[in-house]
Amino acid sequence: MLTVDDVLRVQNSWGNCIVEIGRTYQQGGDYRKAARDMIDALYAFDQGGVLFKPTKAAEVQFRETQEQALSYFVGGSISEDSGFALQPWSHVRFENHKIKIDPDVAIVMGNYYFTAAESGEEVQVEFTLGIRSADDGRPVIFLHHSSLPYQPEE
């Protein structure tokens, strides 16, 4: 059974990985490996698939494979991808609106905030995550939707 602590650990790990990927990129390290490791550890691509709608995706809105997710995070196979995790970001914090847990699935939604490493500017992004237990018992993301907040016309 999943717990609130499982959800918070996944979120913390995800945020730390995003920061580390950017740091690795800035230091000339193997940032693609860092991103692959994050995807392998935190997403359910090998556990029945993932519903993934990244924030900055327009031409290819949905990412159905590990390679497409990798492209989003660090650039690659999809032309619109410049590597979201390569920004770099210095910090990611989550503000959860609500966490709903059934026996085998947790759904959480809220806002996460990305702090740009160079300017210190914080960017708000809306998210929904679905988390379930993998075959080995670790919690993994099977649903990831994020978007920029609605900006009404003035």
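Me: Which residue of β3 does K100 stand opposite?

Reply: In this predicted model, K100 stands opposite I107 in β3. Another pair across these strands is F94 with Y112 in β3.

Me: What makes β2 and β3 count as paired strands?

Reply: The cut-off for pairing is at least two bridges between two strands. β2 and β3, the latter at residues 105-116, have 11 bridges, so they count as paired, and the sense is antiparallel. A hairpin of three residues joins β2 to β3.

Me: Why are β1 and β2 called edge strands?

Reply: Let's start with the order in the sheet. The open sheet has five strands, in the order β1-β5-β4-β3-β2, with mixed pairing. β1 (51-53) and β2 (89-101) each pair on one side only, and that is what is meant by edge strands here. From one strand to the next, the twist averages 30°.

Me: How do you know that T24 is buried?

Reply: Buried means under 20% relative accessible area. T24 has 13% relative accessibility, so T24 counts as buried. T24 is found in helix α1. Leaving out residues up to four places away in sequence, T24 touches G29, D30 and Y31.

Me: What makes the largest nonpolar core a core?

Reply: Its members have to be buried nonpolar residues of the listed kinds, joined through side-chain atoms within 4.5 Å. The largest such set has 40 residues, and W14, I18, M38, I39, Y43, F73 and F114 touch the most other members. Two or more residues each come from α1 (4-26), α2 (31-42), α3 (66-74), β2, β3, β4 (122-133) and β5 (139-147). The largest share, six residues, is given by α1.

Me: Which residues does W14 touch?

Reply: With residues up to four places away in sequence not counted, W14 touches M38, L42, Y43, F73, V92, F94, Y112, F114, I141 and H144. F94 and Y112, which stand opposite each other in the sheet, are both among them.

Me: Which elements do the buried residues of α3 pack against?

Reply: The buried residues of α3 pack against α1, α2 and β1. Those buried residues are A69, L70, S71, Y72, F73 and V74. Just after α3, G75 takes a positive phi of about 85°.

Me: Now for the whole protein. Why is it called as compact as a globular protein of its length?

Reply: The secondary structure comes to three helices and five strands, and along the sequence these follow the pattern α-α-β-α-β-β-β-β. The radius of gyration is 15 Å, and the globule rule gives 15 Å for 154 residues, so the protein is as compact as a globular protein of that length. Taken along the principal axes, the box filled by the C-alpha atoms is roughly 40 × 40 × 30 Å.

Me: What share of the contacts joins residues 24 or more positions apart?

Reply: Among contacts with a separation of 6 or more, residues 24 or more positions apart account for 50%.

How values were computed: Residues are numbered from 1 along each chain as its sequence is written. This is a predicted model: local features need pLDDT of at least 70, side-chain atom pairs count only at pLDDT 80 or more; totals for chains, interfaces and linings use all residues. Side-chain values use heavy atoms; hydrogens and water are left out. Helices (H or I, at least four residues) and strands (E, at least two) are DSSP runs, numbered from the N terminus. Axes are lines fitted to C-alpha atoms, for helices over the stretch in contact, and angles run from 0 to 180 degrees between N-to-C directions. Buried means under 20% relative accessible area, exposed over 50%, partly exposed in between (1.4 Å probe, protein chains only). Contact means heavy atoms within 4.5 Å. The radius of gyration is taken over C-alpha atoms; the globule rule is 2.2 Å times the number of residues to the power 0.38.
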